[in-house]
Amino acid sequence: MRINNLTLGLIAAGMVAALYLAFLYAPTEAMMGDVQRIFYFHVPMAWVAFLAFGVVFAGSVLYLWKGEERWDRLAYAAAHLGVIFTSLNVVTGILWAKPIWGTWWVWDPRLTTTTVLWIIYIAYLVVHNAAETGRGSHFAAVFGIVGFVDVPVVYMSIRWWRTMHPAPVIAGGSDSGLAPSMLFTLLFSVGLFTLFFVYLLRQSLSLSHLEAEVERLSQEERGG
Amino acid sequence: MDNNTGFLFAGYAIIWLAFFGYCYRLSRRLDYLRRRLDALKRGEAGEPRASPEVAAAQTGETAPL
């Protein structure tokens with residue numbers, strides 16, 4: 001409990017610092033103005049979603065390989081969080097697109113591949129919940145492995161195809177890059193949301209262990 | 001600040017509301033399950049049967065993978 005409270009306190013303090021960095025420390029971008037500051041939370045949402053889907057992939061492989069339920073629980077909890085972070089990434093992207101592109105949405109390669117990714121993991125959750133316990137987990141694990149193929153496609157979409165989405169600012173071409181204060185703000189936010197993801201994943205795992213134990217004891221009680 | 005700040009604040013507000021809502025829901029569900037597990041155990045004679053993972057979850061610590 002103490003470690004959880006300490007982590008949560010650290011995250012809360014970090015959130016205040018991240019807001020300060022995004023709104024006051026980072027300079028205003030010359031072309032887009034203040035609305036560009038969405039970037040400091042939009043990109044970390046995408047990074048954490050990719051990380052979550054990587055955990056789904058690893059958990060699904062281990063579940064199919066070893067057949068241990070704990071790996072399925074890990075994959076399921078990570079998929080849940082991945083869908084939430086992807087949703088927030090899409091929503092912040094929409095709010096950034098409207099004032100800059102003049103439209104809420106375009107079927108651009110980055111937006112389209114991200115939508116496909118979102119649908120894949122919603123399908124993962126539906127399959128996991130719909131079928132009976134063992135079979136649902138097995139089908140979902142296959143989904144979690146195959147669906148991960150879309151993650152590198154989303155990442156590379158702005159390199160492979162012509163797109164309205166801004167070009168990559170890290171590991172992009174020779175003309176890409178960020179001012180040091182912008183880069184620091186971005187990396188701080190990425191680190192903070194990674195820590196937040198780890199915290200939420202641990203809490204979700206605790207929840208699933210408790211649910212399983214309550215279910216087991218309830219069944220025993222019903223059985224006499 | 002320019003005239004697009006409404007979009008900026010809407011973006012940040014949605015993120016905070018989503019996270020607060022999610023954390024609140026998660027903590028309510030954890031509290032409920034801990035109470036339910038306590039009640040189930042009180043209804044049983046004998047030694048507690050919780051696994052080490054669940055014992056960790058009950059005390060708020062994270063269960064090992």
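Hi everyone. A crossing of two helices is left-handed if the near helix is turned anticlockwise from the far one by less than a right angle, and right-handed if clockwise. In this predicted model, local features need pLDDT of at least 70 and side-chain atom pairs count only at pLDDT 80 or more, while totals for chains, interfaces and linings use all residues. Residues are numbered from 1 along each chain as its sequence is written, with chains lettered from A and ligands numbered from 1 in written order.

So, which way does α3(A) pass α7(A)? The crossing is right-handed. Helices here are DSSP runs of H or I, at least four residues, numbered from the N terminus. The two axes, lines fitted to C-alpha atoms over the stretch in contact, come within 9 Å and cross at roughly 130 degrees, on a scale from 0 to 180 degrees between N-to-C directions. That makes α3(A) and α7(A) oblique to each other, the class left once angles under 35 (roughly parallel), over 145 (roughly antiparallel) and 65 to 115 degrees (roughly perpendicular) are set aside.

Where do they meet? Contact means C-beta atoms, placed from the backbone, within 7 Å. On α3(A), the residues include A:Ala78 and A:Leu81, and on α7(A) they include A:Phe197.

Now look at A:Ala52. Beyond its neighbours within four places in sequence, A:Ala52 is in contact with A:Ala78, A:Leu81, A:Gly82, A:Phe85 and A:Phe197.

Finally, A:Gly177 sits in the loop between α6 (150-160) and α7 (180-222) of chain A. Why is A:Gly177 called partly exposed? Because 13 other C-beta atoms lie within 10 Å, between the limits of 20 or more for buried and 12 or fewer for exposed.

Methods: Helices (H or I, at least four residues) and strands (E, at least two) are DSSP runs, numbered from the N terminus. Two residues are in contact if their C-beta atoms, placed from the backbone, lie within 7 Å.
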